[in-house]
Amino acid sequence: MELERASLDSGIDAYLRARLMPVEGAIPHLPGIEMYGDTIPAGTVGGDLFEYINFQQRYDIGTRIEQALKLSKEFLVPHPPGTPGHNAVDDQVEWLKSRSGYRPEMEAAYREARSLEELRVAEDLGDLCTTAGVLVVDAQGHGVISAKIASTVHDTFHALMLSELDRYGKTTPDLFEMLNLRLAHSVTARNALGRSLQEGAREIATMLYGEVRPSGHFRFVNFGHPPPLLFSAAAHKFIEVDKGRMVRFLPLGLEVPEDDPDRKRYLSMHVRRRPADYSDLTDTLIKPGDILFLYTDGVYDGRDEGQRHDLEQLMRDHHLLSAKDICTALLERAVKMDDRLRDTGEPDIVDDKTVFIIKCSETSPDGSPGPGALGSQG
């Protein structure tokens with residue numbers, strides 16, 4: 001029995017590790033932008049996750065644009081029930097006609113508004129051809145349970161992304177609020193299972209998601225994750241990402257907006273005054289030669305000044321190398337630090353380690369920031 005259980009656990013470990021590790025073939029290729037990431041779990045599997053969001057490879061953008069343009073035309077033309085082409089706009093119009101106070105001009109106005117929405121979806125989808133995304137997640141703890149939490153974030157993120165692209169043609173802050181609720185502590189579900197609110201661990205994870213464009217503009221949202229470090233090639237040091245504009249929410253699952261209709265169905269450590277919106281996105285510019293360094297706290301906790309100084313020196317020594325080589329050097333440093341922790345009798349402090357590097361080429365084309373998938377407001 002013990003042997004069978006060990007074999008099952010090993011199989012789960014291997015499955016989770018394989019599905020949470022992206023392959024190099026998924027790395028997006030944008031003009032003037034080089035990116036590379038890697039992760040090393042503390043055990044056989046861990047709670048760290050990173051992923052390249054290669055929009056052109058993962059999604060058929062061209063077909064989606066064609067469908068949006070087709071809908072834009074179809075929404076303008078009435079299709080009676082039971083006829084080909086009858087759609088959601090036709091259903092809404094039928095409902096409008098059934099209400100007192102209906103006026104014929106209401107149908108024309110509604111059809112035009114929905115038609116224009118689809119035109120905007122088509123335009124925003126086109127921007128994805130010059131946009132790449134990066135997702136970095138750090139689930140609480142490490143081991144199989146943490147890997148399962150990271151897997152939940154991964155699967156929920158991609159399910160919501162499909163909905164976002166069909167509805168808006170881009171990612172919006174709503175995606176991250178829904179992801180946050182997915183990890184929130186459900187009072188209703190636990191009561192239904194007959195469990196106390198204190199029993200068991202919460203599903204908690206930090207997350208940073210951002211999108212980069214060939215102009216070097218990187219726009220991101222942060223839920224409890226250590227803030228990015230930006231190494232300036234000109235100054236040969238880390239420069240601050242605009243702290244005055246950087247919003248950092250609590251980790252996923254810990255905070256629910258007070259106006260969420262289901263707020264009382266969740267056990268939230270904090271209640272946020274409002275949902276995330278476009279003003280909560282941080283926009284930074286990666287200039288030619290600069291390097292944006294994303295990481296989890298197994299590499300750097302974002303606070304220790306001594307470690308920051310050492311990382312800065314490592315960047316000075318390696319900034320001319322490729323993104324992959326810089327990533328490797330940073331992870332090798334983190335592994336050596338783990339070895340010292342084990343030697344001093346502190347193995348419990350060893351954590352999963354993830355590094356993601358975005359490097360802007362010295363010859364990166366200048367350009368004004370386009371709206372981007374995460375960038376334009378609704």
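User: Hi! Which residues in α4 meet residues in α5?
Analyst: Hi! This is a predicted model. In it, V89, D90, Q92, V93, L96 and K97 of α4 meet M106, E107, Y110, R111 and R114 of α5.

User: Nice. Where do those two helices sit in the chain?
Analyst: Helix α4 covers residues 88–97, and helix α5 covers residues 104–127.

User: And at what angle do α4 and α5 pack?
Analyst: The angle is about 155°, and their axes are 10 Å apart. Angles over 145 degrees count as roughly antiparallel, so α4 is roughly antiparallel to α5.

User: Is their crossing left-handed or right-handed?
Analyst: The crossing of α4 and α5 is right-handed.

User: Okay, new topic. How many helices and strands does the whole chain have?
Analyst: The protein chain has 10 helices and 15 strands.

User: What share of the residues is buried?
Analyst: Of the 378 residues in the protein chain, 48% are buried.

User: What about contacts between residues at least 6 apart in sequence: what percentage join residues at least 24 apart?
Analyst: For those contacts in the protein chain, the figure is 75%.

User: Switching to cysteines: how many disulfides are there?
Analyst: The structure holds zero disulfides.

User: Then what about C360, buried or exposed?
Analyst: C360 has a relative accessible area of 1%. Buried means under 20%, so C360 is buried.

User: Why does C129 count as partly exposed?
Analyst: Because its relative accessibility is 31%, and partly exposed lies between the 20% limit for buried and the 50% limit for exposed.

Conventions:
Residues are numbered from 1 along each chain as its sequence is written. This is a predicted model: local features need pLDDT of at least 70, side-chain atom pairs count only at pLDDT 80 or more; totals for chains, interfaces and linings use all residues. Side-chain values use heavy atoms; hydrogens and water are left out. Helices (H or I, at least four residues) and strands (E, at least two) are DSSP runs, numbered from the N terminus. Buried means under 20% relative accessible area, exposed over 50%, partly exposed in between (1.4 Å probe, protein chains only). Contact means heavy atoms within 4.5 Å. A disulfide is a pair of cysteine sulfur atoms within 2.5 Å. Axes are lines fitted to C-alpha atoms, for helices over the stretch in contact, and angles run from 0 to 180 degrees between N-to-C directions. Angles under 35 degrees count as roughly parallel, over 145 as roughly antiparallel, 65 to 115 as roughly perpendicular and the rest as oblique. A crossing is left-handed if the near helix is turned anticlockwise from the far one by less than a right angle, and right-handed if clockwise.
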